Structure formats: structure tokens, C-alpha cells
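Subject: Structure handover

Hi,

Here is the structure we talked about. Please load it before reading on; my notes follow below.

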Amino acid sequence: MAIRTIQLVVLPMLAALPAPAFAAPDTVFFPSADGSTEIVAYLFKPQTPGPHPAIVMLHGRGGPYSANINKGCALVSRASRSACNASGLSKRHMMWGQYWVEHGYVALLPDSFGPRGKAHGFGRFTHDEPDRADVNEKTVRPLDAEGALSWLRSQRDVVPHRIFLQGWSNGGSTALNVMQRQGAKTSGYRAALALYPGCGPKALLAPDLATTAPVALLIGSDDEEVSPARCQDMAQRSIAAGSKIDVVLYPGATHGFDDPGRSHQSIPGNRSALEDALKRAIAFVERLRD
């Protein structure tokens, strides 16, 4: 595995294209591995017969819902009504969910915040706010991801040994922590994709990542929220210790470079990074077919 800076051709303005219409995913529920929380999640499924490989998608600190609707949201549960629901997911999550479906994967997006009364998510630079403690990426959210893995393995249309993990920002840090907890176990996630995660001591369980499963880090050189250099340093130490980590650094890409919205895709580095990240993500999981 290696650390690479990708030189990319700037593509035509993606944001100028009309946004595709995606069908809302199914809403499902499963228990977190914390033993007390019922997680609400959104299930994207291929129309073709299964069984299919699957991927669990972990949202960032803003939550899974669109910023246009989530400000007034709190609790999302089986018994409550909320504007934050399957039809109100963010463009990023809808795009990736549909992308995986189009490539023959089941995609599951758990909401770690809504079941704990925090569907509104959190703004930038709020990492130290006390209100985030009971949804943190080190000791809470990994249990939700482990619950998602167990639930998917109980589904007859999912290939149980081909379940992957993907996370963005806070969810990317969560994904790395899940892999740290998993360690050398062969019964966990097959591999993990982490997009622009936080890699400091407040975000990760350990300074080095120790796991036998492959991990890919996709980060932007111009990230304004987390340190790409810190992630590179963590990866270098982890690779030296034997972990299988592939790091891609996108020049000119910012935090949230894969957000398909106009504001993010007006940045040339983000447009190029998004195009490459989509291709790289499917290639990463497809090479693990055995």
C-alpha cells in the first residue's frame, strides 16, 4: 500500500448538469451493538436478484439529512414523525447510495444521531461541544456500525462475507475506529473507505491503525476542517507496522469534495476528486471478490 498524490484532469462543470432524480430508499431498523439503541437506517437495494455484496455508509457530523430540513429535527425513531426521513437525505448520501446500487451493491445508511435526539447534526468546528459526547466517533458510533454489520448478515439477499464500510469526515473517523476494534478478526468488515476523516487523538482510538483488512483514505490537500498531513502521518506509521492502507491525496480538493452540490463542485479540485473517488471506490471493493 502507498501514499499517492493524484494528478487529475479538471472535468467540465458537473454542477451545471441537472441533478438526477433518485427514488427514496427503504427505512429499516436494527439494534446498535450498544445494547440499548434502535437505529433507523436507509436501505438502497438493487432491482436484480441477490444475494449482493453490501456496504454500510457512515454519515459525517452534519448527519444524513439535507441541511435544508434538518435544523428543526431532533428525534427520529420508529414511533416518531419527523421531517428528517428517507425523502430528506442529503444529495451526497443519495448519490452514493444510488451509485452502489447501480454497481450491484446493497447500501445501508444508518442514522446515529436521530435515534439519540440529534437529527439536526452539528456545525463546523463543534468537536468539543458537550452535546456531541453521546454520539461520538470513538465509543458510540462504532457500535452502530457493528450493529449494521450483524443486521446485514441476517438478510438473505446479502453476501455475508462481502460487506464493506464507507464513512465521511466524522463517519470516516468512525470507520477507522471500527477497523481498529476489528483488528485481526476475519469475521468483520471486509475493507473500509474513509473520506476526509479526522485523524487526531480526539477522533481516533489510537495514533496508529492496526487492522488486517484493507483501508483506503481519500483526502483533499486543501481540506479546511481536518488535517490531511495528520492522516498521512498516521497512515505512514500504520503501513510501517504492517497495516494495508492506501492513501490518495487530491490536489486542490476541500473537505466534502464529493458533495455533488453546486457550491462544492464549483471548485475544480473537487470536481476532479469526485470523479476519481467514484471510480476508485468501486475498484477498491471489486478487487476483493474472493
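Helices α1 and α6 are oblique to each other in this predicted model. Their axes cross at roughly 40° and come within 12 Å. α1 covers residues 91–102, and α6 covers residues 268–286. The crossing is right-handed. From α1, the contact uses Met95, Trp96, Tyr99 and Trp100. From α6, the residues include Leu274, Ala277, Leu278 and Lys279. By class, the contact has ten nonpolar residues, one charged and no polar.

Next, the cores. The largest nonpolar core holds 42 residues. Trp96, Trp100 and Phe257 have the most contacts inside that core. Helix α6 gives the largest share, eight residues. Apart from this core lies another, of 38 residues, with Ala145, Ala175, Val178 and Cys231 among them.

Trp96 deserves a click. Leaving out residues up to four places away in sequence, Trp96 touches Met57, Gln166, Trp168, Leu195, Asp258, Ala277, Leu278 and Ala281.

Now the backbone. Gly50 and Pro51 are joined by a cis peptide bond, with omega about 5°. Pro51 sits in the loop between β3 (38–44) and β4 (52–58).

Two residues other than glycine have positive phi. Ser169 has a phi of about 55°, and Tyr196 has one near 40°. Ser169 is in the loop between β6 (158–168) and α3 (170–182). Tyr196 is in the loop between β7 (192–195) and β8 (215–220). Are they buried or exposed? Ser169 is buried, with a relative accessible area of 10%. Tyr196 is buried too, at 1%.

Best wishes

Note on methods
Residues are numbered from 1 along each chain as its sequence is written. This is a predicted model: local features need pLDDT of at least 70, side-chain atom pairs count only at pLDDT 80 or more; totals for chains, interfaces and linings use all residues. Side-chain values use heavy atoms; hydrogens and water are left out. Axes are lines fitted to C-alpha atoms, for helices over the stretch in contact, and angles run from 0 to 180 degrees between N-to-C directions. Helices (H or I, at least four residues) and strands (E, at least two) are DSSP runs, numbered from the N terminus. Angles under 35 degrees count as roughly parallel, over 145 as roughly antiparallel, 65 to 115 as roughly perpendicular and the rest as oblique. A crossing is left-handed if the near helix is turned anticlockwise from the far one by less than a right angle, and right-handed if clockwise. Contact means heavy atoms within 4.5 Å. Ala, Val, Leu, Ile, Met, Phe, Trp, Tyr, Cys and Pro count as nonpolar, Asp, Glu, Lys and Arg as charged, and the others, Gly among them, as polar. A nonpolar core is a set of buried Ala, Val, Leu, Ile, Met, Phe, Trp, Tyr and Cys residues joined through side-chain atoms within 4.5 Å. Buried means under 20% relative accessible area, exposed over 50%, partly exposed in between (1.4 Å probe, protein chains only).
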